[in-house]
Amino acid sequence: MPQAPFTIVDFNNFWSPSGGGVRRYHLQKMAFYENRQDVLSVFVMPDSRTFTEKRGTGLIIEHVDAYRFPGNWEYRFIWKQKQIRPILKKYMPQVIEVGSPYILPTVVRKAAKRICPEAILLSFWHADFPVTYVGRPVANKLGRFFGRLAERVAFWYAKQEFKKFDGIQVSCKEVMDRLEKHHLPHSHWIPLGCDIQMFSPSKRDEALVADFKSGNPDRLTIFFPHRFCEEKGIELLLGAYDELTERLGVEPEIILAGTGPYLPQVKEAVQKYKHIRYVGFIKSIDEMARHYASVDMGLALSGWETFGLSILESMASGNAQIGASTGAAFEHVTESEAGKILQERTPHALAEAIVELYRSDMQAMKQKARAYAEKFSWNDCFGRQLDLYRKLYQEKRNS
(Lines give C-alpha, C1' and ligand atoms only; values in the text may rest on other atoms or scores of the structure.)
Protein backbone atom coordinates (compact mmCIF):
# COMPACT_ATOMS: atom_id res chain seq x y z
CA MET A 1 0.00 0.00 0.00
CA PRO A 2 1.54 3.36 -1.01
CA GLN A 3 2.51 5.72 1.81
CA ALA A 4 0.26 8.76 2.23
CA PRO A 5 2.02 12.00 1.28
CA PHE A 6 3.11 14.55 3.85
CA THR A 7 0.03 16.79 3.96
CA ILE A 8 -0.27 20.54 4.57
CA VAL A 9 -3.61 22.32 4.97
CA ASP A 10 -3.71 26.13 4.61
CA PHE A 11 -6.50 28.32 6.00
CA ASN A 12 -6.43 32.05 5.27
CA ASN A 13 -9.22 34.61 5.45
CA PHE A 14 -6.82 37.23 4.04
CA TRP A 15 -7.17 35.62 0.59
CA SER A 16 -9.18 37.53 -1.98
CA PRO A 17 -9.40 37.31 -5.79
CA SER A 18 -8.01 40.85 -6.10
CA GLY A 19 -5.59 40.64 -3.18
CA GLY A 20 -1.94 41.59 -3.39
CA GLY A 21 0.84 39.96 -1.38
CA VAL A 22 -1.24 37.26 0.32
CA ARG A 23 -2.77 36.19 -2.98
CA ARG A 24 0.67 36.07 -4.62
CA TYR A 25 2.07 34.01 -1.72
CA HIS A 26 -0.64 31.38 -2.14
CA LEU A 27 -0.46 31.32 -5.94
CA GLN A 28 3.29 30.73 -5.79
CA LYS A 29 2.87 28.12 -3.07
CA MET A 30 0.32 26.30 -5.22
CA ALA A 31 2.75 26.30 -8.15
CA PHE A 32 5.52 24.92 -5.92
CA TYR A 33 3.45 21.91 -4.79
CA GLU A 34 1.19 21.28 -7.79
CA ASN A 35 3.16 18.43 -9.36
CA ARG A 36 4.91 16.98 -6.31
CA GLN A 37 4.45 13.31 -5.46
CA ASP A 38 5.75 13.34 -1.86
CA VAL A 39 3.74 16.27 -0.48
CA LEU A 40 0.07 17.21 -0.73
CA SER A 41 -0.82 20.89 -0.28
CA VAL A 42 -4.47 21.69 0.40
CA PHE A 43 -5.51 25.33 0.20
CA VAL A 44 -8.86 26.12 1.83
CA MET A 45 -10.20 29.02 -0.22
CA PRO A 46 -13.10 31.17 1.08
CA ASP A 47 -15.57 31.25 -1.79
CA SER A 48 -19.24 31.62 -2.79
CA ARG A 49 -19.86 27.86 -2.88
CA THR A 50 -18.33 24.61 -1.65
CA PHE A 51 -16.51 22.24 -3.98
CA THR A 52 -13.19 20.41 -4.41
CA GLU A 53 -10.74 21.33 -7.16
CA LYS A 54 -7.86 18.94 -7.82
CA ARG A 55 -5.03 20.78 -9.56
CA GLY A 56 -2.34 18.09 -9.70
CA THR A 57 -0.70 15.28 -7.77
CA GLY A 58 0.41 17.69 -5.05
CA LEU A 59 -2.31 20.34 -4.94
CA ILE A 60 -5.99 20.45 -4.02
CA ILE A 61 -8.08 23.58 -3.51
CA GLU A 62 -11.03 23.15 -1.16
CA HIS A 63 -13.48 25.94 -1.94
CA VAL A 64 -15.65 26.70 1.09
CA ASP A 65 -18.86 28.70 1.06
CA ALA A 66 -18.04 31.62 3.35
CA TYR A 67 -19.59 34.87 4.52
CA ARG A 68 -18.72 37.85 2.33
CA PHE A 69 -18.03 41.18 3.97
CA PRO A 70 -20.49 43.88 2.88
CA GLY A 71 -19.31 46.85 0.86
CA ASN A 72 -16.57 47.18 -1.74
CA TRP A 73 -14.61 44.12 -0.55
CA GLU A 74 -13.89 40.67 -1.93
CA TYR A 75 -12.93 39.09 1.39
CA ARG A 76 -14.87 36.14 2.77
CA PHE A 77 -14.68 34.79 6.30
CA ILE A 78 -14.36 31.16 7.42
CA TRP A 79 -15.07 30.85 11.14
CA LYS A 80 -17.38 27.90 11.82
CA GLN A 81 -16.38 24.44 12.98
CA LYS A 82 -18.62 22.91 10.31
CA GLN A 83 -16.46 24.62 7.67
CA ILE A 84 -13.20 23.33 9.15
CA ARG A 85 -13.78 19.90 10.66
CA PRO A 86 -14.74 18.09 7.42
CA ILE A 87 -11.49 19.22 5.76
CA LEU A 88 -9.30 18.12 8.66
CA LYS A 89 -11.11 14.73 8.79
CA LYS A 90 -10.72 14.31 5.03
CA TYR A 91 -6.97 14.96 4.89
CA MET A 92 -5.64 14.31 8.45
CA PRO A 93 -2.73 16.70 7.81
CA GLN A 94 0.69 16.75 9.42
CA VAL A 95 0.80 20.56 9.15
CA ILE A 96 -1.92 23.18 9.52
CA GLU A 97 -1.09 26.77 8.60
CA VAL A 98 -3.37 29.66 9.52
CA GLY A 99 -2.64 32.90 7.70
CA SER A 100 -5.13 35.29 9.34
CA PRO A 101 -5.41 36.18 13.03
CA TYR A 102 -9.09 36.94 13.59
CA ILE A 103 -11.07 34.12 15.30
CA LEU A 104 -9.85 31.52 12.78
CA PRO A 105 -6.74 30.39 14.75
CA THR A 106 -8.79 29.46 17.82
CA VAL A 107 -11.46 27.68 15.78
CA VAL A 108 -8.83 25.70 13.84
CA ARG A 109 -6.89 24.86 17.01
CA LYS A 110 -9.99 23.44 18.71
CA ALA A 111 -10.92 21.39 15.65
CA ALA A 112 -7.37 20.06 15.25
CA LYS A 113 -7.16 19.06 18.92
CA ARG A 114 -10.14 16.72 18.42
CA ILE A 115 -9.37 15.44 14.93
CA CYS A 116 -5.60 15.48 14.29
CA PRO A 117 -3.78 16.33 17.55
CA GLU A 118 -0.38 15.28 16.14
CA ALA A 119 -0.50 18.00 13.47
CA ILE A 120 1.67 21.02 14.03
CA LEU A 121 -0.06 24.40 14.08
CA LEU A 122 1.71 27.32 12.44
CA SER A 123 0.72 30.83 11.61
CA PHE A 124 2.05 33.04 8.84
CA TRP A 125 2.15 36.67 10.00
CA HIS A 126 1.03 38.20 6.72
CA ALA A 127 -0.12 41.46 8.32
CA ASP A 128 1.20 43.17 11.43
CA PHE A 129 -2.38 43.92 12.45
CA PRO A 130 -1.83 45.17 16.05
CA VAL A 131 0.31 48.00 14.68
CA THR A 132 -1.17 48.54 11.21
CA TYR A 133 -4.90 48.02 11.70
CA VAL A 134 -5.32 48.82 15.41
CA GLY A 135 -2.62 50.96 17.02
CA ARG A 136 -1.99 53.36 14.15
CA PRO A 137 -5.66 54.16 13.28
CA VAL A 138 -6.53 54.64 16.96
CA ALA A 139 -3.51 56.92 17.44
CA ASN A 140 -4.55 58.97 14.41
CA LYS A 141 -8.01 59.53 15.87
CA LEU A 142 -7.44 59.61 19.63
CA GLY A 143 -3.73 60.27 20.12
CA ARG A 144 -0.58 58.29 20.83
CA PHE A 145 -1.52 57.17 24.36
CA PHE A 146 -4.70 55.45 23.23
CA GLY A 147 -2.93 54.16 20.13
CA ARG A 148 -0.27 52.41 22.21
CA LEU A 149 -2.93 51.06 24.57
CA ALA A 150 -4.96 49.68 21.67
CA GLU A 151 -1.84 48.12 20.16
CA ARG A 152 -1.04 46.32 23.44
CA VAL A 153 -4.60 45.01 23.62
CA ALA A 154 -4.32 43.76 20.02
CA PHE A 155 -1.07 41.93 20.78
CA TRP A 156 -2.75 40.39 23.86
CA TYR A 157 -5.58 39.24 21.57
CA ALA A 158 -3.08 37.76 19.10
CA LYS A 159 -1.40 35.94 21.95
CA GLN A 160 -4.75 34.36 22.88
CA GLU A 161 -5.56 33.43 19.28
CA PHE A 162 -2.19 31.75 18.69
CA LYS A 163 -2.02 30.12 22.10
CA LYS A 164 -0.57 26.60 21.85
CA PHE A 165 0.53 27.16 18.24
CA ASP A 166 3.89 25.61 17.43
CA GLY A 167 5.28 28.76 15.85
CA ILE A 168 4.73 31.85 13.74
CA GLN A 169 6.40 32.39 10.37
CA VAL A 170 7.60 35.95 9.74
CA SER A 171 9.25 37.62 6.72
CA CYS A 172 10.42 40.89 8.28
CA LYS A 173 13.09 40.98 11.00
CA GLU A 174 11.66 44.11 12.61
CA VAL A 175 8.26 42.43 12.95
CA MET A 176 9.92 39.27 14.23
CA ASP A 177 11.54 41.25 17.06
CA ARG A 178 8.18 42.81 17.89
CA LEU A 179 6.44 39.42 18.17
CA GLU A 180 9.14 38.12 20.48
CA LYS A 181 8.85 41.26 22.61
CA HIS A 182 5.14 40.57 23.08
CA HIS A 183 5.78 36.89 23.91
CA LEU A 184 3.91 35.29 21.04
CA PRO A 185 4.85 31.70 20.03
CA HIS A 186 8.38 31.28 18.74
CA SER A 187 8.86 32.99 15.39
CA HIS A 188 10.69 31.56 12.36
CA TRP A 189 12.14 33.77 9.63
CA ILE A 190 10.81 32.73 6.21
CA PRO A 191 11.70 35.39 3.61
CA LEU A 192 9.34 35.29 0.66
CA GLY A 193 10.45 35.11 -2.96
CA CYS A 194 10.42 36.93 -6.24
CA ASP A 195 10.06 35.57 -9.76
CA ILE A 196 13.12 37.26 -11.24
CA GLN A 197 12.50 35.73 -14.68
CA MET A 198 9.00 37.19 -14.84
CA PHE A 199 9.89 40.52 -13.23
CA SER A 200 12.90 41.74 -15.16
CA PRO A 201 14.23 44.83 -16.98
CA SER A 202 13.95 42.72 -20.14
CA LYS A 203 10.14 43.14 -19.94
CA ARG A 204 10.53 46.84 -20.76
CA ASP A 205 8.10 47.78 -23.56
CA GLU A 206 9.37 50.78 -25.52
CA ALA A 207 5.90 51.50 -26.91
CA LEU A 208 4.54 51.65 -23.36
CA VAL A 209 7.48 53.82 -22.29
CA ALA A 210 6.72 56.25 -25.12
CA ASP A 211 3.06 56.28 -24.13
CA PHE A 212 3.94 57.10 -20.51
CA LYS A 213 6.46 59.77 -21.52
CA SER A 214 3.85 61.43 -23.79
CA GLY A 215 6.41 63.01 -26.09
CA ASN A 216 8.77 64.26 -23.35
CA PRO A 217 11.74 61.95 -22.59
CA ASP A 218 12.43 63.92 -19.39
CA ARG A 219 9.01 63.15 -17.93
CA LEU A 220 9.30 61.15 -14.68
CA THR A 221 7.14 58.00 -14.73
CA ILE A 222 5.98 56.15 -11.61
CA PHE A 223 3.89 52.97 -11.38
CA PHE A 224 1.78 52.62 -8.20
CA PRO A 225 0.11 49.16 -8.13
CA HIS A 226 -0.82 49.21 -4.45
CA ARG A 227 -4.10 49.21 -2.58
CA PHE A 228 -5.64 52.68 -2.54
CA CYS A 229 -5.58 53.27 1.21
CA GLU A 230 -3.80 55.49 3.70
CA GLU A 231 -1.47 52.68 4.76
CA LYS A 232 0.00 52.33 1.25
CA GLY A 233 0.55 56.08 0.88
CA ILE A 234 -1.85 56.96 -1.93
CA GLU A 235 -2.85 60.21 -0.19
CA LEU A 236 0.84 61.18 0.10
CA LEU A 237 1.39 60.63 -3.61
CA LEU A 238 -1.69 62.56 -4.71
CA GLY A 239 -0.86 65.32 -2.24
CA ALA A 240 2.71 65.63 -3.57
CA TYR A 241 1.74 65.93 -7.24
CA ASP A 242 1.58 69.72 -7.55
CA GLU A 243 4.93 70.22 -5.81
CA LEU A 244 6.50 67.48 -7.93
CA THR A 245 5.34 69.22 -11.08
CA GLU A 246 6.72 72.55 -9.89
CA ARG A 247 10.11 71.15 -8.86
CA LEU A 248 10.60 68.96 -11.91
CA GLY A 249 9.38 71.53 -14.39
CA VAL A 250 7.25 68.94 -16.16
CA GLU A 251 4.20 66.99 -15.03
CA PRO A 252 5.19 63.47 -13.92
CA GLU A 253 3.19 60.53 -15.24
CA ILE A 254 1.63 58.56 -12.37
CA ILE A 255 0.14 55.21 -13.38
CA LEU A 256 -2.25 53.90 -10.72
CA ALA A 257 -3.43 50.28 -10.66
CA GLY A 258 -5.68 48.58 -8.14
CA THR A 259 -8.62 49.45 -5.96
CA GLY A 260 -9.44 50.43 -2.39
CA PRO A 261 -11.23 53.01 -0.23
CA TYR A 262 -9.39 55.92 -1.87
CA LEU A 263 -10.65 55.00 -5.35
CA PRO A 264 -12.96 58.08 -5.49
CA GLN A 265 -9.97 60.36 -4.78
CA VAL A 266 -7.98 58.55 -7.46
CA LYS A 267 -10.74 59.07 -10.03
CA GLU A 268 -11.00 62.73 -9.02
CA ALA A 269 -7.24 63.18 -9.55
CA VAL A 270 -7.48 61.50 -12.97
CA GLN A 271 -10.11 64.06 -13.97
CA LYS A 272 -8.04 66.94 -12.62
CA TYR A 273 -4.58 66.04 -13.95
CA LYS A 274 -3.73 65.07 -17.51
CA HIS A 275 -0.77 62.89 -16.46
CA ILE A 276 -2.37 60.87 -13.68
CA ARG A 277 -3.94 57.76 -15.18
CA TYR A 278 -5.91 54.89 -13.68
CA VAL A 279 -5.56 51.51 -15.41
CA GLY A 280 -7.85 49.47 -13.14
CA PHE A 281 -6.90 46.22 -11.44
CA ILE A 282 -4.24 44.36 -13.42
CA LYS A 283 -4.81 40.60 -13.10
CA SER A 284 -2.15 39.47 -15.57
CA ILE A 285 1.31 38.93 -14.10
CA ASP A 286 2.82 39.52 -17.55
CA GLU A 287 1.08 42.88 -17.74
CA MET A 288 2.28 43.79 -14.25
CA ALA A 289 5.85 42.93 -15.25
CA ARG A 290 5.55 45.04 -18.39
CA HIS A 291 4.35 48.05 -16.42
CA TYR A 292 7.02 47.71 -13.71
CA ALA A 293 9.81 47.53 -16.30
CA SER A 294 8.56 50.51 -18.31
CA VAL A 295 8.72 53.23 -15.65
CA ASP A 296 11.49 55.18 -13.93
CA MET A 297 11.02 54.31 -10.25
CA GLY A 298 8.82 52.64 -7.64
CA LEU A 299 7.26 53.72 -4.35
CA ALA A 300 7.27 51.59 -1.19
CA LEU A 301 5.48 53.99 1.14
CA SER A 302 3.87 51.59 3.61
CA GLY A 303 5.87 51.41 6.81
CA TRP A 304 3.95 48.35 7.93
CA GLU A 305 4.84 45.77 5.28
CA THR A 306 5.70 42.31 6.62
CA PHE A 307 7.72 41.56 3.47
CA GLY A 308 6.53 43.67 0.55
CA LEU A 309 6.27 41.38 -2.48
CA SER A 310 5.44 44.29 -4.76
CA ILE A 311 8.61 46.05 -3.61
CA LEU A 312 10.78 43.10 -4.68
CA GLU A 313 8.92 42.75 -7.98
CA SER A 314 9.50 46.42 -8.73
CA MET A 315 13.18 46.12 -7.77
CA ALA A 316 13.59 42.98 -9.87
CA SER A 317 12.23 45.01 -12.78
CA GLY A 318 15.07 47.49 -12.28
CA ASN A 319 13.34 50.17 -10.23
CA ALA A 320 14.97 52.15 -7.45
CA GLN A 321 12.55 52.88 -4.60
CA ILE A 322 11.36 55.58 -2.25
CA GLY A 323 10.99 53.52 0.94
CA ALA A 324 9.17 54.09 4.21
CA SER A 325 11.28 54.54 7.32
CA THR A 326 10.06 51.35 9.04
CA GLY A 327 9.11 47.76 8.23
CA ALA A 328 10.12 45.67 5.25
CA ALA A 329 10.28 48.70 2.94
CA PHE A 330 13.04 50.18 5.10
CA GLU A 331 14.89 46.84 5.19
CA HIS A 332 14.78 46.38 1.40
CA VAL A 333 15.85 49.91 0.51
CA THR A 334 18.64 50.19 3.08
CA GLU A 335 20.06 46.70 2.49
CA SER A 336 20.00 47.15 -1.30
CA GLU A 337 21.20 50.79 -1.26
CA ALA A 338 18.82 51.21 -4.20
CA GLY A 339 16.76 54.21 -3.25
CA LYS A 340 15.90 56.86 -0.69
CA ILE A 341 14.18 56.59 2.68
CA LEU A 342 11.17 58.83 3.31
CA GLN A 343 12.14 60.66 6.48
CA GLU A 344 8.73 62.23 7.19
CA ARG A 345 5.33 60.95 6.14
CA THR A 346 4.24 64.15 4.41
CA PRO A 347 3.56 65.08 0.76
CA HIS A 348 6.37 67.67 0.89
CA ALA A 349 8.91 65.10 2.13
CA LEU A 350 7.78 62.65 -0.54
CA ALA A 351 8.18 65.23 -3.31
CA GLU A 352 11.69 66.05 -2.06
CA ALA A 353 12.71 62.37 -1.91
CA ILE A 354 11.37 61.64 -5.40
CA VAL A 355 13.17 64.61 -6.95
CA GLU A 356 16.41 63.74 -5.15
CA LEU A 357 16.26 60.14 -6.34
CA TYR A 358 15.34 61.08 -9.89
CA ARG A 359 18.33 63.45 -10.10
CA SER A 360 20.77 60.87 -8.69
CA ASP A 361 22.65 58.20 -10.63
CA MET A 362 19.50 56.32 -11.56
CA GLN A 363 21.30 53.75 -13.69
CA ALA A 364 23.48 52.65 -10.77
CA MET A 365 20.42 52.56 -8.49
CA LYS A 366 18.54 50.40 -10.98
CA GLN A 367 21.42 47.91 -11.16
CA LYS A 368 21.57 47.68 -7.37
CA ALA A 369 17.81 47.11 -7.20
CA ARG A 370 17.98 44.22 -9.66
CA ALA A 371 21.01 42.65 -7.96
CA TYR A 372 19.27 42.75 -4.58
CA ALA A 373 16.04 41.16 -5.87
CA GLU A 374 18.02 38.31 -7.41
CA LYS A 375 18.85 37.09 -3.88
CA PHE A 376 15.23 36.01 -3.35
CA SER A 377 13.45 33.07 -4.96
CA TRP A 378 10.16 31.29 -4.35
CA ASN A 379 11.83 27.88 -4.51
CA ASP A 380 14.16 28.89 -1.67
CA CYS A 381 11.21 30.26 0.30
CA PHE A 382 9.04 27.16 0.08
CA GLY A 383 11.98 24.78 0.34
CA ARG A 384 12.99 26.46 3.60
CA GLN A 385 9.38 26.38 4.75
CA LEU A 386 8.93 22.68 3.96
CA ASP A 387 12.11 21.89 5.91
CA LEU A 388 10.62 23.79 8.85
CA TYR A 389 7.31 21.91 8.57
CA ARG A 390 9.05 18.54 8.62
CA LYS A 391 11.42 19.49 11.42
CA LEU A 392 8.68 20.75 13.72
CA TYR A 393 6.42 17.79 12.96
CA GLN A 394 9.20 15.32 13.76
CA GLU A 395 10.04 17.15 16.97
CA LYS A 396 6.39 17.05 18.04
CA ARG A 397 6.12 13.34 17.33
CA ASN A 398 9.30 12.64 19.32
CA SER A 399 8.30 14.78 22.30
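Begin by selecting Phe-69, which is partly exposed, with a relative accessible area of 36%. The model on screen is a predicted one. Phe-69 is found in the loop between β5 (67–68) and β6 (76–77).

**The whole chain**

Now zoom out and display the chain as a cartoon. Its secondary structure consists of 15 helices and 16 strands. Along the principal axes, the C-alpha atoms fill a box of roughly 70 × 50 × 40 Å. The radius of gyration is 22 Å, which agrees with the value near 21 Å that a compact globule of 399 residues would have. Colouring by accessibility will show that buried residues make up 57% of the 399 residues.

**Aromatic pairs**

The structure holds 22 aromatic pairs. A pair of aromatic rings is described by the distance of the centres and the angle of the planes.

Select Trp-125 and Phe-162 next. Their ring centres are 6.1 Å apart and their planes stand at 55 degrees, so this pair is tilted; planes must be over 60 degrees apart to count as edge-to-face. Where in the chain do Trp-125 and Phe-162 lie? Trp-125 is in the loop between β8 (120–124) and α4 (129–142), while Phe-162 is in the loop between α5 (144–161) and β9 (167–170). The two are 37 residues apart, and the pair links distant parts of the chain. Both residues are buried.

Move on to Phe-129 and Tyr-157. Here the ring centres are 6.4 Å apart and the planes are at 90 degrees, so the pair is edge-to-face. Because Phe-129 lies in helix α4 and Tyr-157 in helix α5, the pair ties together parts that are 28 residues apart in sequence. Are these two residues buried or partly exposed? Phe-129 counts as buried, at 2% relative accessibility, whereas Tyr-157, at 27%, counts as partly exposed.

Phe-14, Tyr-102, Trp-125, Phe-129, Tyr-157, Phe-162 and Phe-165 form one aromatic cluster.

**Charges over rings**

Two further selections concern a charged side chain and a ring. Show Arg-136 with Trp-304: Arg-136 lies over the face of Trp-304, at 4.0 Å from the ring centre. Then show Lys-173 with Trp-189: Lys-173 lies over the face of Trp-189, and the distance to the ring centre is 4.6 Å.

**Salt bridges**

The structure holds 26 salt bridges. Select Asp-38 and Arg-36, which form one of them, with the closest N and O atoms 2.9 Å apart. Asp-38 is partly exposed, with a relative accessible area of 35%. Arg-36 also counts as partly exposed, at 22% relative accessibility.

Next, select Glu-206 and Arg-204, whose side chains meet in a salt bridge at 2.9 Å, N to O. Arg-204 has a relative accessible area of 38% and is partly exposed.

Continue to Glu-356 and Lys-340, a salt bridge in which the closest N and O atoms are 3.5 Å apart. Which elements does this pair link? Glu-356 is in helix α13 (residues 347–358) and Lys-340 in strand β16 (residues 339–341), 16 residues apart, so the pair links distant parts of the chain. Glu-356 is partly exposed, with a relative accessible area of 47%; Lys-340 counts as partly exposed at 22% relative accessibility.

Finish this part of the tour with Asp-10, Lys-29 and Glu-97. These residues are linked in a network of salt bridges.

**A last stop at helix α14**

Select Ala-373, which lies in helix α14 (residues 362–373). Ala-373 counts as buried, at 0% relative accessibility. Ala-373 and Gly-318 are 55 residues apart in sequence, and their C-alpha atoms are 9.1 Å apart in space.

Terms used: Residues numbered from 1 in each chain as written. Predicted model: local features only at pLDDT ≥ 70, side-chain atom pairs only at ≥ 80, totals over all residues. Heavy atoms only, no water. Phe/Tyr/Trp six-rings, centres within 6.5 Å; stacked < 30°, edge-to-face > 60°. Helix = DSSP H or I, 4+ residues; strand = E, 2+ residues; numbered from the N terminus. Buried < 20%, exposed > 50% of the residue type's maximum accessible area, 1.4 Å probe, protein only. Lys NZ or Arg CZ within 6 Å of the ring centre and 35° of its normal. Rg over C-alpha atoms; globule rule 2.2 N^0.38 Å. Salt bridge = Lys/Arg side-chain N within 4 Å of Asp/Glu carboxyl O.
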